Amino acid sequence: MLECQSMMEKLSPFMDMASLEIESLRRIKRSKRDEAEEEEKEESEESTTSSSSSSSNAYFGFPHLPEEPTNRDFDQSVLCRIRVRLPDGRITQRSFLKSESVQLLWSYCNSQIDESERKLFKLIQAFPGDYKTLHYGSNTTFEQSGLANSVVSVSWV
């Protein structure tokens, strides 16, 4: 029993130093975390003040995405709905005019992807027994391309 007590007395100063070091490391981590949170807030404020979707579309070379047409403004026969399955598993849909260029679909998909995850992607239209990869350079309309009222998947290149 005497050996244990003397060993504890010898270790006691080291344990006190270790607890002080741990506390100082915690303070450093807290201050770094607070700084990182402040930077994130500043970045988010900057991104909300600038039009992030139009600037990122311009960065990738996609055309400006006009406001979504509604049933109130247009006849149902000139509208088409496209459902998009994103790489993160989300499914979104949007209305387009059948006469609009399919290039707007790339703008829409790009606007739905989080800015931190943005990279080159391709669009795939799947139908029973086969699939078709869509090409951005195509200047066809939704009606001409056969995309009207279909499902398209976004996948990373």
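## Basis and terms

A polar contact is a pair of N or O atoms within 3.5 Å; within protein, one must be able to donate a hydrogen and the other to accept it, and residues adjacent in sequence count only if both atoms are side-chain atoms.

The model is predicted: local features need pLDDT of at least 70, side-chain atom pairs count only at pLDDT 80 or more, and totals for chains, interfaces and linings use all residues. Residues are numbered from 1 along each chain as its sequence is written, and side-chain values use heavy atoms, with hydrogens and water left out.

## Surroundings of S145

S145 belongs to helix α4, residues 142-145 (helices, H or I of at least four residues, and strands, E of at least two, are DSSP runs numbered from the N terminus). The side chain of S145 reaches the backbone oxygen of F142 at 3.2 Å, and a polar atom of that side chain lies 3.4 Å from the backbone nitrogen of L147.

With a relative accessible area of 17%, S145 is buried (under 20%; exposed is over 50%, partly exposed in between; 1.4 Å probe, protein chains only). Not counting residues up to four places away in sequence, S145 touches V102, K132 and T140 (contact: heavy atoms within 4.5 Å).

The largest nonpolar core has 21 residues, and I82, F96, L105 and L123 have the most contacts inside it (a core is a set of buried Ala, Val, Leu, Ile, Met, Phe, Trp, Tyr and Cys residues joined through side-chain atoms within 4.5 Å). Two or more residues each come from β1 (79-85), α3 (103-112), β3 (121-127) and β5 (151-156); α3 gives the largest share, five residues.

Eight of the 10 residues of α3 are buried, among them W106 and Y108. Leaving aside neighbours within four places in sequence, L105 is in contact with I82, V84, F96, L123, L134, F142, L147 and V152.
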